[in-house]
Amino acid sequence: MKRILSLAIVLLIFSCNTPIKEDENRKPTKNEVIENFNELVKSDVKDDNIDGSFSLAIIHKDSTLVLKSYGNADLNTIFRIGSISKSFAGFLMMQLQQDGKLDINDPVEKYLPEIKSLVDYDKHPPITLKQLATHTSGLDRESRSRDENVRFGNINDWENNLIKAIPETSFRSKPGERFGYSNIGFAILGLTLSKVADKPYIELVQDKIFRPLEMNNTYFKVPENQKNNLAKGMAGGPTAELDHERPKREHNEVGYRIPNGGIYSTSSDMVKFMKACMGYSTLLNDSGIEMLQTTQTPTTRLRSNYSFGFQLYSDQGINTVGHGGSKAGYSANFEYEKDSEYGVILMRNYNFGNTNLDLRSNSLLRKLSVAE
């Protein structure tokens with residue numbers, strides 16, 4: 001009897017110490033996925049250990065699920081968005097086509113004859129608006145001009161500095177032949193759109209996008225009364241020496257880099273633009289939205305799959321639309337999954353850290369797309 005009792009006690013103890021297996025087939029809930037991501041970002045910012053500013057937004061369709069800030073930021077904090085500015089140029093081009101102002105297959109020279117001064121322009125077919133907006137123009141990434149104003153001139157002179165840069169810009173390939181990322185190509189696109197609409201580019205974007213979407217904290221130049229809300233950029237770090245001076249200088253040293261990288265914004269304002277890109281506004285009709293979400297390049301390879309100012313990614317059951325951005329002391333990522341209609345925006349005031357912005361965004365969207 002004692003032996004039987006002892007065996008029963010051993011079995012009871014063993015059963016109590018044996019973990020109960022969770023249902024391995026159970027899908028995590030949307031809230032679980034979001035909370036895990038929130039804790040991950042919070043931990044990353046703490047471990048980066050540079051007193052950084054970080055902002056997160058998550059949306060689903062036209063609903064905002066998360067607006068959070070970490071570190072030295074709040075929901076009013078303004079960041080540079082870098083090359084996400086290109087998405088605004090692409091969106092604007094589609095608006096102007098919708099308005100009957102242009103055809104995306106129009107040659108650029110129709111509106112901006114100065115483009116004919118490109119190096120070897122007469123040896124190639126005319127560049128079209130579509131080619132500029134899809135990085136298939138064949139142009140170099142940047143102008144080779146040594147003029148300091150071209151690279152570092154004041155924002156008020158960006159158009160003139162771009163005109164100076166064009167004659168010192170060359171081709172890498174034949175227009176339309178292949179994808180080749182070109183910052184100056186997008187700068188030329190912005191100036192061309194302003195000629196189409198007979199309005200300065202900055203004013204045009206404000207009138208057609210910022211104001212209708214009530215993006216009241218989004219700027220090409222941060223006004224004096226908002227500078228206290230501007231996150232102070234930190235280049236370098238966290239494993240290299242931090243550089244606070246270069247980001248500070250580059251607020252004024254813009255050269256021609258306005259349509260391709262000149263915008264400042266907050267996470268809550270970028271949510272408004274993302275919803276418009278998903279079709280939750282009256283700014284662009286369904287066919288325009290569909291074109292923004294459809295490959296316009298000769299290949300769909302990773303890093304070469306692009307529409308009009310938007311990077312496209314398709315793999316493992318998800319199809320994302322968005323763009324990354326980086327300037328000295330700032331980095332950001334803007335991405336949504338077009339089928340599940342989840343979206344994520346990440347913005348921070350430093351360039352390197354534990355959070356890989358595009359990979360983490362992609363991973364989050366993949367998990368949300370299958371969450372319960």
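I began with helix α2 and found Val33, Ile34, Phe37, Asn38, Val41, Asp44, Val45 and Asp48 buried (under 20% relative accessible area, exposed being over 50%, with a 1.4 Å probe and protein chains only). They sit on the same side of α2, because they cover an arc of only 135° around the axis, taken from the directions from the helix axis to the C-beta atoms.

I noted that this is a predicted model, where local features need pLDDT of at least 70, side-chain atom pairs count only at pLDDT 80 or more, and totals for chains, interfaces and linings use all residues. Numbering runs from 1 along each chain as its sequence is written, and side-chain values use heavy atoms, without hydrogens and water.

I looked at the face of α2 turned away from the buried side. Asn31, Asn36, Lys46 and Asp47 are exposed there. I then checked what the buried residues pack against: β1 (53-60), β2 (63-71), β8 (342-348) and α12 (357-370). Contact here means heavy atoms within 4.5 Å.

Next I took helix α3 (residues 85-98) against helix α7 (residues 183-197). They pack at an angle of about 35°, and their axes are 10 Å apart. Axes are lines fitted to C-alpha atoms over the stretch in contact, and angles run from 0 to 180 degrees between N-to-C directions. From α3, I listed Lys86, Ala89, Gly90, Leu92, Met93 and Leu96 in the contact. From α7, I listed Asn183, Phe186, Leu189, Leu193, Val196 and Ala197.

Methods:
Helices (H or I, at least four residues) and strands (E, at least two) are DSSP runs, numbered from the N terminus.
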